[in-house]
Each structure stands twice: as structure tokens, then as C-alpha cells.
Amino acid sequence: MRHETRFQGFLGRGFIVEHDVRILIPTTYMNRSGNSVGSVVRYFKIPTERVLVAYDEVAFPVGTSKLKLGGGHNGHNGIASLFEGFGGEREFARLRIGVGHPGDGAEMHHYLTRTNMPNEEREMAETSSELSDEILQCMLMGNWQRAMWLLHTPQSS
């Protein structure tokens, strides 16, 4: 990965399950991330239905991650910014990574911008957002429904 000023972020390219992919980590504030992501999508002519955006989700407890295809922004300023960056397009996939809720809406800004999550919570969030090769393959083939089913269905051991 290297910093790309024109894309306002770190951009990498590699292979995941034999598919050529680009990975972007915007360096903008989250509520302006649409500028960064939108510029990459336009430059490389990537259809929004081939985009996966990973972000924090206060509606889910720590340790819960879910895939979603399309929809509204539900008050998430980063997602609202993506709508702008994509010219109003909303049909992109989202990996919503649960970070929990502070319990008091007045504490939300401080809660989301804190420097570090407690180690145990960070590990839970990371584990919940790990995707198997099968899920990744489904996503890369555009089979979002199957990918969602695989991620959301508890696997028996």
C-alpha cells in the first residue's frame, strides 16, 4: 500500500482468492470518505455493485458483523458521504462491523473518535469481521446473497 494524494488515501492492489482487487484506506475524516472512495471508483471505472465498504456500526454489539447490499445511510455520515461520492448511487455492499453503543447519544462522538478500543473489544470486532475464503469468493463473483447467508448463518461444528 502506498499513499496516493490524488485519492486521499492509501491504495493497494493484490489478489484475493485469485481475483485482482484494489484496497483503499481513506485518510480523510470518515464523514468525507466519499471524496476518496468516489475518486478511486471513477478513476478505475469500478461499478458500485463491485464495491465493498467496511465501517463501524453502533447498531450492533461488539463481535457482530453483517453484510448488507444497498439501502440508506441510517444516520451514518460516512455512508451519506459515499452516496455523494458515488453520484447518488446506493447499491454497494457494506461490511458493518459492530462497535456497540455508548448508551447515551450525547456520548456518541467521543465514543466513536476515541483513540483505542479496549483490546478485548478490538479482538472481538476483528474476529467477527474475518471472512472465509468461501465468503470472499462469493463476494468477488458478485454472489452477495450467498455471501450474506454464509456470514449470517451460524455454522455447526
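Me: So which strands form the open sheet, and in what order?
Reply: Three strands, in the order β4-β6-β5, with mixed pairing. Strands here are DSSP E runs of at least two residues, helices are H or I runs of at least four, both numbered from the N terminus, and two strands pair if DSSP finds at least two bridges between them. It's a predicted model, where local features need pLDDT of at least 70, side-chain atom pairs count only at pLDDT 80 or more, and totals for chains, interfaces and linings use all residues. Residues are numbered from 1 along each chain as its sequence is written, and side-chain values use heavy atoms, with hydrogens and water left out.

Me: Which strands stand at the edges?
Reply: β4 (52-57) and β5 (65-69); each has a single partner strand, so one side of each has no neighbour in the sheet.

Me: And how do β5 and β6 pair?
Reply: Antiparallel, over five bridges, with β6 covering residues 93-98.

Me: Switching topic: at what angle do α1 and α2 cross?
Reply: Roughly 35°, and the axes of α1 (residues 33-43) and α2 (residues 77-85) come within 7 Å. Residues making the contact include G34 and G38 of α1 and G78 and G85 of α2.

Conventions. Axes fitted to C-alpha atoms, helices over the stretch in contact; angles between N-to-C directions. Contact = heavy atoms within 4.5 Å.
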